[in-house]
Amino acid sequence: MPLNREQKQAIVEKVSAAARTAVSVVIADATGVPVNELTKLRREARAAQVYLHVVRNTLLARALAGSEFEQVNPHLAGSSLVALAQAHPGAGARLFVDFAKRNNNFNIKYFVFEGKFHEGSEMSAVSYDISKFKCRLKLIRNFGYGQASFQDAPLYPGWQHFSLPPRII
């Protein structure tokens, strides 16, 4: 069913509003994935604070224009399922990696993380690194190293002030 101009503008505004507050974007091809599986993915995305939308490439390109995720526009081709992580940069990555393990037809195309464009093949390494960093930070917090400096620290690898005090024997 074709969309009229007002409907297209509404989609572009909705996606661009989500892109303005997003910390990372992941784009995948969900062609061939059963609808009930996509419904489960949407439920998981809402729980993880990830905005998920199937959108036409031309509308997605217009929505991302002027944002930090604009660099994906030249690569848009085929069916696009976009995930915009609102809270944690690795939320969309982990969500899609876990979903791809359960569904062979799900293909992660590319993503933008910390302002850098990446191919989908690099996704599992990045999602693992984010989780590993978060675990290390929790471990340091539990041992009481520099609790005051870690309280308000963001939990992603882009944070450059991560160091341990020298070990005392």
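At 3% relative accessibility, Ser 24 counts as buried. The model discussed here is predicted.

Trainee: In which strand is Ser 24 found?

Mentor: Ser 24 touches Phe 69, Ala 83, Leu 84, Ala 85, Pro 89, Val 112 and Phe 113, leaving aside residues up to four places away in sequence. Its relative accessibility is 3%, and buried means under 20%, so Ser 24 counts as buried. The element that holds Ser 24 is strand β1 (residues 24-29).

Trainee: Are α2 and α4 roughly parallel or roughly antiparallel to each other?

Mentor: Two packed helices are described by the angle between their axes and the distance between the axes. For α2 and helix α4 (residues 91-102), the angle is about 155 degrees and the axes lie 11 Å apart. Angles over 145 degrees count as roughly antiparallel. The two helices, α2 and α4, are therefore roughly antiparallel.

Trainee: How many nonpolar, polar and charged residues does the contact of α2 with α4 have?

Mentor: From α2, the residues are Glu 37, Leu 38, Leu 41, Glu 44 and Ala 45, and they meet Leu 95, Phe 96, Phe 99 and Arg 102 in α4. By class, the contact of α2 with α4 has 6 nonpolar, no polar and 3 charged residues.

Trainee: What is the phi of Gln 49?

Mentor: Gln 49 lies in the loop between α2 (35-47) and β2 (50-54), and at 48% relative accessibility this residue counts as partly exposed. Most residues other than glycine have a negative phi. Gln 49 is not a glycine, yet its phi is positive, at about 60 degrees.

Terms used. Residues numbered from 1 in each chain as written. Predicted model: local features only at pLDDT ≥ 70, side-chain atom pairs only at ≥ 80, totals over all residues. Heavy atoms only, no water. Helix = DSSP H or I, 4+ residues; strand = E, 2+ residues; numbered from the N terminus. Buried < 20%, exposed > 50% of the residue type's maximum accessible area, 1.4 Å probe, protein only. Axes fitted to C-alpha atoms, helices over the stretch in contact; angles between N-to-C directions. Parallel < 35°, antiparallel > 145°, perpendicular 65-115°, else oblique. Contact = heavy atoms within 4.5 Å. Nonpolar A, V, L, I, M, F, W, Y, C, P; charged D, E, K, R; others polar.
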